[in-house]
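Have the viewer open as you read.

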Amino acid sequence: MSLKLYGYWRSSASYRVRIALHYKSLNFDYVPVHLVKDGGQQKADAYSGINPSMLVPTFVDDDEDIVLNQSLAIIEYLDEKYLDKPSLLPSHTLDKARVRALAQDIACDIQPISNLRILESLKSDFDANNEQTKAWCVKWIETGFKAIERRLATRAGKYCYGYEVTLADVCLIPQVYNAIRFNVEMQQFPLIQKIYNNCNELEAFKRAIPEAQIDAA
Ligand SMILES: N[C@@H](CCC(=O)N[C@@H](CS)C(=O)NCC(=O)O)C(=O)O
């Protein structure tokens, strides 16, 4: 078995897949793709050849000649392939839909708006300065977190959805890491903060944190 993850230490989408791989105790090679150095290594031919979207992460299973992009698709692939490992999705249809919805609240409605290339475009196409792009990120993270905090009031236990770690936690924790980087005032979101603390006590989450990666600056 030869699994490979192309990622970047601070990329929240890469962070999600790292958590899932560690949660399932799967060994993998981590291949850093620096999103800033050399004008962004994700745009170089060497990488865009395997991922034409020029985004990280990319997951490669060399033995089976499988290349996958999109963190949620990668995680669900791992979940279904390694059935002997702890699952990140509940088995009940409605529970599964609710966990996916929470995950997508983050992965579809928060993270893409503050992605690097969006911030670069705000600067180059619309003359936004650093303060303005930072305010942009804070605004959309807070908007998303307000809704998630309300949902968690009826769904959360120790983790986002009851007492088992799910895909929702795998998406939430990297987004909180980003929020803290942008100085979002987390006291507004006590449930999110509690789940962040609970998850970060787990080995899989500790091993996946950006600062623990070989490419951490
Ligand atoms: N929906 C994608 C998002 C991937 C994504 O946005 N990756 C970011 C890092 S978190 C990236 O590679 N950004 C590089 C850029 O914007 O040029 C996923 O979940 O995998």
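Helices here are DSSP runs of H or I with at least four residues, strands are runs of E with at least two, and both are numbered from the N terminus. Before going further, bear in mind that this is a predicted model, where local features need pLDDT of at least 70, side-chain atom pairs count only at pLDDT 80 or more, and totals for chains, interfaces and linings use all residues. Residue numbers start from 1 along each chain as its sequence is written.

Now the geometry of that pair. The axes of helix 4 (residues 93-107) and helix 7 (residues 167-181) come within 8 Å and cross at roughly 20°. Axes are lines fitted to C-alpha atoms, for helices over the stretch in contact, with angles from 0 to 180 degrees between N-to-C directions. The crossing of helix 4 and helix 7 is left-handed, a label used if the near helix is turned anticlockwise from the far one by less than a right angle (clockwise would be right-handed). On the helix 4 side, the contact is made by V99, R100, L102, A103, I106 and A107, and on the helix 7 side by L167, A168, C171, L172 and Q175. Being in contact is a matter of C-beta atoms, placed from the backbone, lying within 7 Å. Sorted by class, this contact has 9 nonpolar, 1 polar and 1 charged residues. The nonpolar class is Ala, Val, Leu, Ile, Met, Phe, Trp, Tyr, Cys and Pro, the charged class is Asp, Glu, Lys and Arg, and the others, Gly among them, are polar.

Helix 4 also packs on helix 6 (residues 130-155), at an angle of about 160° with the axes 10 Å apart. These two are therefore roughly antiparallel to each other, and the crossing of helix 4 and helix 6 is left-handed. Helix 4 brings R98, L102, D105 and I106 to the contact, while helix 6 brings G144, A147, I148, R151 and R155. Here the classes come out as 4 nonpolar, 1 polar and 4 charged.

Zooming out, the chain is divided into domain 1 (3-85) and domain 2 (93-204), with bounds from an automatic or database domain assignment. Their C-alpha centres lie 20 Å apart. The contact takes 12 residues from domain 1 and 14 residues from domain 2. On the domain 1 side, helix 1 and helix 3 each supply at least two residues, and helix 1 gives the most, with 8 residues. That side divides into 8 nonpolar, 3 polar and 1 charged.

So where does the ligand sit relative to domain 1 and domain 2? Both domains give residues to the shell around the ligand, so it lies between them. The shell has 16 residues, and the closest are S11, L55, S71, L116 and R117; a residue is near if its C-beta atom, placed from the backbone, lies within 6 Å. Helix 1 (12-23), helix 3 (71-81) and helix 5 (116-126) are the elements that give two or more residues to the shell. By class, the shell has 8 nonpolar, 7 polar and 1 charged residues.

V56 and P57 are joined by a cis peptide bond with omega about 10°, and P57 lies in the loop between helix 2 (45-48) and strand 3 (58-61). Q70, in the loop between strand 4 (66-69) and helix 3, has a positive phi of about 70° although it is not a glycine.

Key: Contact = placed C-beta atoms within 7 Å. Parallel < 35°, antiparallel > 145°, perpendicular 65-115°, else oblique.
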